[in-house]
Structure formats: structure tokens, C-alpha cells
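Please examine the sequence and the model below before reading further. The paragraphs that follow lead through its helices and sheets step by step.

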Amino acid sequence: MSSSTTDGDRFEDSAAASPVGVLTAVSELGTAAEQAAIVRLALSSGLLVRCAEPADEAELARALNVPPAVMTDVCSVLVSLGALHRDGTRVRLTQEWAPLANGGVDLTLRRSLDGAAVRQHLLSSAFSNPDTYWKLDDGQRGALADAVTLATTTEFGRNAVMGAIAGVPELQQTLETGARWLELGCGVAGMLLGTAHAFPRVTAVGVDIAPNLLKLAQERAEELGIGDRVTFIHDDATSYTDDEPFDIVFWSQFFFPGDTRKAALANAFERLRPGGMLVCPILPGDQEPAETGSPMAQQAALNVLLFGGWGVPFRTGDALAEEVDAAGFAEIRTYRESLPILMTARRPA
């Protein structure tokens, strides 16, 4: 009896059987990880910001206390990435990368890469005994929180918050007239801090079970000069209570495991005044399924694996809307043009 599958069935031509394609793809992944490590170094050391204006490589080496040859080689990597332009021994940010020297963009990018390094560590152990969120040390948890939070101690971060709020007119109107804001699962409270800074009539409460993140949030509130209008409380978002109702509850839903979500939404409902607004951020990639192979689809697949390891379910915008609707909220809307993407809903009046 002959086999029903021939070599011709397996491969249309010899090129399809060649390992060159997969070797190239995997090599590119490794190169990207190495390049990210150098960019992270260049951001954390301040090298890239120093290159906002033309800078001599030898002077950079002296300023950062590294051997001149190492500085030259690091700059060569950054030139190859298109981050720097070299003219003799002088380097400068390229036009594409120049914005990182303005308004705190560099801090936002560094935090993103710091968070990616922690995520990489977590994902690499997916088949063994993966670290849960609570097995991470304070620094790692802080890096993860910062990676999904706007750096609102910077001009760039504050402008980003204002841009997101401007994209949701009903939210902006409520804030302008003065509002009590509650954030459940606030972490380092980027959105809360940026909102309170932008709207002087807003008072806010942030609730989280990670004390180290609350400490960071409080320090940043003091740095922004709004410590008298914000309060951070170490408590469970599913059971926190307050004597006065809130006008807005911001629920950082992408950090909530499945067995806590119903209780968290019920508590959000109870804490809101009738007619009050629930606001939920949606991570990029956690929208409706994107085209296979697209950056959006790749990010969504990684989020499913990473957060799923902590028991946090993947929620597309539509699935989140169903969850919010089941909790009794009405007037559910998703604003996909804002960054972060925001969903709003109302507690019925």
C-alpha cells in the first residue's frame, strides 16, 4: 500500500522545504531583542537625550563614564537603527527620533521597554512554573504597571491624558464642572494623576492591593503638587466602601482575574451615584481580532498568554461591553480613537 501523502503534497517546491525562511525570521527576532536592550540602555543612561543636539562621541563617553570605544560601538548600533545620524565623530538624533527629547517622551519609552523586559521574563517561563504577578518583586511589578500607564509627571504624559479625555466629550464635561473620581485597581495611577492635575476641581481616590505601587503614586502626586486632592488607599477593589458616592469610577479591568471581575463591577456600580459614569481602559491589542500576522494580532496573542497566566481573561471591546452590561450598566460606548482606548457606561439614574 502506498502512502497517501507524497513529498510533493508536503512541499510545493524545494524552496518551501528550505530552513532559510524560518532561520531568518528567528534571527530577526533575536536581533530585535538585542536592539531593544541597547535602546533601553541609551534611554536609561540619558545618552539619547544628550544627542538632541550634535554631540561628540568622546565627550559623551566622558560624560557617561564609559570607554570611548564602547561609546562609539553603541552609537554605531543606534545609527544602524536609524536613531542617530553620524557626521564624523559627532552624532545627533535623527528627525524620526527627535521627539523623544521633548516633554518626557524618553521616560515613556524607557518605561515601555522596562515593562517589556519583565514581560519577556514571564513569557519565557510559560511552560515551566511561571511567575505569577505576586511572585514578582516590587521593582518588576512597578515596571509592569508603568508600562501600561501614562507618565503623567511629564508634559508628554499629561498631554496624552488630556487628548484621551478630549476624545470622550461626556467625560470631559463632567470633569470640568468638578467630580469625585474613584479608581479601582489604580496601580501607579497615571490616569488619575493626570486627570486631577488637569482639572483643579477634581478630587480622587485610588484603591489597590499593591502597597509599593500606591507609594509610587503618592510620590508622583506630591511631585505634581496635587497631594491635597488625591488619596490612595490600600484595599481590595471588590470590597472598598466610601460614605459618599462618586461621579466617575475608573476600572483598570485588564489587571483583574476572572474570579474578581463580577464583584469589582458590582462594587463600581454601588460606589457610583445614579447617573454616574464607569470608565474602562482597553489595552492595545485587546480590541476585536485584527488581521492575522498584524502587530495588533501579535500583541493580542501575547496578552492572552501573559495575563491568562494570572487568571485574567482576554476581553475584546465587545466582550467587555457584554460584561459591563450584565453588571447593570447602560449607555455603553467605546471610544477607539482615544489612547488609551476607553469604554464608558452609566449607572442608570
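Which residues in helix 5 meet which residues in helix 6? The model is a predicted one, and in it Glu57, Leu60, Ala61 and Leu64 of helix 5 meet Pro68, Met71, Thr72 and Cys75 of helix 6.

Two packed helices are described by the angle between their axes and the distance between the axes. For helix 5, which covers residues 57-64, and helix 6, which covers residues 68-80, the packing angle is about 115° and the axes lie 9 Å apart. Angles of 65 to 115 degrees count as roughly perpendicular, and helix 5 and helix 6 are therefore roughly perpendicular to each other. The crossing in which helix 5 passes helix 6 is right-handed.

Four bridges hold the antiparallel pairing of strand 2 with strand 3, residues 90-93. Within this pairing, Arg86 stands opposite Val91 of strand 3.

Seven strands form an open sheet in the order 6-5-4-7-8-10-9, and the pairing is mixed. Which strands stand at the edges? They are strand 6 (230-234) and strand 9 (330-335); each has a single partner strand, so one side of each is left without a neighbour in the sheet. From one strand to the next, the twist averages 20°.

The pairings of strand 5 show part of this sheet in detail. Strand 4 (residues 180-184) and strand 5 (residues 203-208) run parallel and are joined by five bridges. In this pairing, Leu184 has Val207 of strand 5 as its bridge partner. Strand 5 is also joined to strand 6 by five bridges, and these two strands run parallel. Here the bridge partner of Gly206 is Phe232 in strand 6.

Note on methods. Residues numbered from 1 in each chain as written. Predicted model: local features only at pLDDT ≥ 70, side-chain atom pairs only at ≥ 80, totals over all residues. Heavy atoms only, no water. Axes fitted to C-alpha atoms, helices over the stretch in contact; angles between N-to-C directions. Parallel < 35°, antiparallel > 145°, perpendicular 65-115°, else oblique. Left-handed = near helix turned anticlockwise from the far one by under 90°. Contact = heavy atoms within 4.5 Å. Pairing = 2+ DSSP bridges.
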